[in-house]
Amino acid sequence: MGLISKPKIKSIPYEEFKDNETLEQMIDQLNAHGTNVLVASADKLINWGRSNSLWPMNFGTSCCAIELMAMGAARFDMARFGFEVTRVSPRQADLILVCGTITNKMAPVLKRLYDQMADPKYVIAIGGCTCTGGPFTKSYHVVKGVDKILPVDVYVPGCPPRPEAFYYGMMQLQRKMKVENYLGTVNRKQKDEHKAEAKALQKEIINQEQEA
Amino acid sequence: MTLDIKTLTTAELHDEMLRLRQERHMDFLVNLIGMDWGEEGLGVIYMLESTTTGETATLKTVTADRENPYIPTVSDIWQIAKIYEREVYDFFGIRFLGHPDMRRIFLREDWVGYPLRKDDDPEGENPLRMDNEPLADTTTEYYLKEDGTVGTKENVIFQPEDHVVNVGPQHPSTHGVLHMRTQLEGETVLKIDPVLGYIHRGVEKICESLTYPQMLALTDRLDYFSAMQNRHAMCMCIEKAIELEVSPRVQYIRTIMDELQRIASHLIYYACMTMDTGALTAFFYTFREREELMKIFEDNFGGRVIMNYNTIGGVMYDIRPDFAQEVKKFCKHVRKRFKEYQDIYTGNVIAEQRMIGVGTISNADAISLGVTGPSGRASGWHNDVRKRHPYALYDQVNFKEIVRTEGDTNARHWNRMEEILESLGIVEQLIDNIPEGEYQAKRKPIVKLPEGDFYQAVETSRGEFGVFIESKGDKNPYRVHFRSNGLPLVNAMDTACRGQKFADLIAIGASMDFVIPDIDR
């Protein structure tokens, strides 16, 4: 009685995606104990809308960001897929596109931006440097793969990847989103480790202000 | 070229430098390179050039004390030394006596050790720190007391009551991950303190463990808008050191590719400049032409942004038979479109008011700050490496060195615009005459440079880029240093923006056209 079925992307047929197994496993998992008819139908609708209006946040540090610019321009035109609303504020973005080498000095900044994003949020690692450290793995100041600090959804290798590869990666993410249980159990809400701490701090500040 | 280095003691350094500056007009400090000579101690290599006579000089100084190395500063003679010496302090721990601002520049302030020293273990001592980075508002100055001991003094960068705005590190119009701490008075910029290193990848250190052919791959990724020219510099430096002659065909191909790369870079410059000043439509115009060029690049070497084309002694692949035809078509196309760019942006009242008379750098400042490339030429400094030290075929082609004297954003903008036309001219002169011949000279598979110091500069899209190699005769270099063309530009932002409005900071930055991975290396 699986209600969640194979995700469809209009421009690329199912067979042409390279990583169908992972998604199928995911679908099986989601369908294992059956699904609620109402919730699953609502999910389908919500996910369809979500996956077709992804607002990415550009985190371009080096060469890959140039290909991202080329993607925004006329020939490759991101707007065709609903990715064109690139945001520079993490509060308004659905996913973060990490394009380029992440260094030790940048890592805390990137983590902070990621933490500031609203759930549900996604990460795409673009380029060799972001995936693994690329040509700079020997360096003393490069994070060897952004997955050391963020949970990555899709990896797009290349140095830099072609705009087509960008799209392929983005579509992979769309498919991933399409099989999610938005209203159900697997909503990707991140647990806030510092929630209690932050509340205490807030109280303290308010108290201080009142005293002053 | 092979460098002939004169050694000075640390005691006589400052006086000798001052003498060179005043008597022999050595007013351009090309490079200031930190060195670790192991047993001999730590030191610095200075490369000077005179802008009036074209004379060059290379000097070095060594201090044997590895625990507390001190060298007198030259930052009072050349302004650019201020940032260069901070870089050397960051990498080698050499403290410069009399330098007002001895802070780290690329690495975090709580970094342990000095990574480019041969005996340092940067990764062992510095795990990935995920806490927020500390940024001090004060700095230490070391100075020589009268009795010969070293004293310290606290200098203040920002007072607690100053209004400081952080621009960056993640900001859409700083062209990368640049962080500028900007002090404001209302809307007026009072001071800019650049914080670099957000994309410091330690390229110079990695190069020390690679062989010469392996090193080439990293040069492309420094300034990715000048990928071709950067790699050209590195190849030429190695070829001259091992005395390898390249065929005329290769010279032709390299020169054409350099110029095509320059056009691509300036087209992106125009796109970014217009986008930063709010004219988003113009962005799409140049990206359209750039795609045409990308297609030619892709046909010939498979890459779009990073080409990996030049090799030691030649190029990776021969050009395709239809290359000349395609390039000629492209040149004709861009000439036609060039007018369109001006129609949509130039002459617009808003654009002109944001550019004319804004962010002025004087001629003397430009030279002292080492601002090369189109930005320096906007201040009336004839600094084109293609004219000063011709390489490849630049002494055989006709082209004009575009120089303006206003020194403002508008001059920098127009320099780049006209350089597109000059580059088209160079390409058109060469494209029909590419001689037959081999595209790769025969060489041994293992490249070993003779002992010595080598330097080669090229004119990239945004200034002088230089490769310095010190070799001990092995198949790896002993020390590699890149003269970044962007570091002086970022350093000059403080001079250009003081007293300007905050909104103009973005436009001035765009007209400087720096690329951050090249600055941080």
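In chain A, residues 24 or more positions apart account for 80% of the contacts with a separation of 6 or more. Two residues are in contact if their C-beta atoms, placed from the backbone, lie within 7 Å. The model is predicted: local features need pLDDT of at least 70, side-chain atom pairs count only at pLDDT 80 or more, and totals for chains, interfaces and linings use all residues. Residues are numbered from 1 along each chain as its sequence is written, while chains are lettered from A and ligands numbered from 1 in the order in which they are written.

Chain A has seven helices and four strands. These are DSSP runs numbered from the N terminus: helices are H or I of at least four residues, strands E of at least two. From the N terminus on, the order is α-α-β-α-β-α-β-α-β-α-α. Of the 212 residues of chain A, 39% are buried. A residue is buried if 20 or more other C-beta atoms, placed from the backbone, lie within 10 Å of its own, exposed if 12 or fewer, and partly exposed in between.

Now turn to chain B. Three of its strands form an open antiparallel sheet in the order E9-E10-E11. Two strands pair if DSSP finds at least two bridges between them. E9 (163-167) and E11 (188-195) of chain B stand at the edges with a single partner strand each, so one side of each has no neighbour in the sheet. The twist averages 25° from one strand to the next. E9(B) and E10(B), residues 179-185, share five bridges. There B:Val164 stands opposite B:Gln183.

Another strand of chain B, E16 (residues 479-483), is mostly covered, with five of its five residues buried. B:Arg479, B:His481 and B:Arg483 lie on one side, B:Val480 and B:Phe482 on the other. E16(B) pairs with E15(B), residues 463-471, in the antiparallel sense over five bridges. B:Ile469 stands opposite B:Val480.

The axes of H5 (residues 212-220) and H6 (residues 227-241) of chain B come within 8 Å and cross at roughly 155°. Axes are lines fitted to C-alpha atoms, for helices over the stretch in contact, and angles run from 0 to 180 degrees between N-to-C directions. H5(B) and H6(B) are therefore roughly antiparallel, a term for angles over 145 degrees. Residues making the contact include B:Tyr212 and B:Met215 of H5(B) and B:Met234 and B:Ile238 of H6(B).

Key. Parallel < 35°, antiparallel > 145°, perpendicular 65-115°, else oblique.
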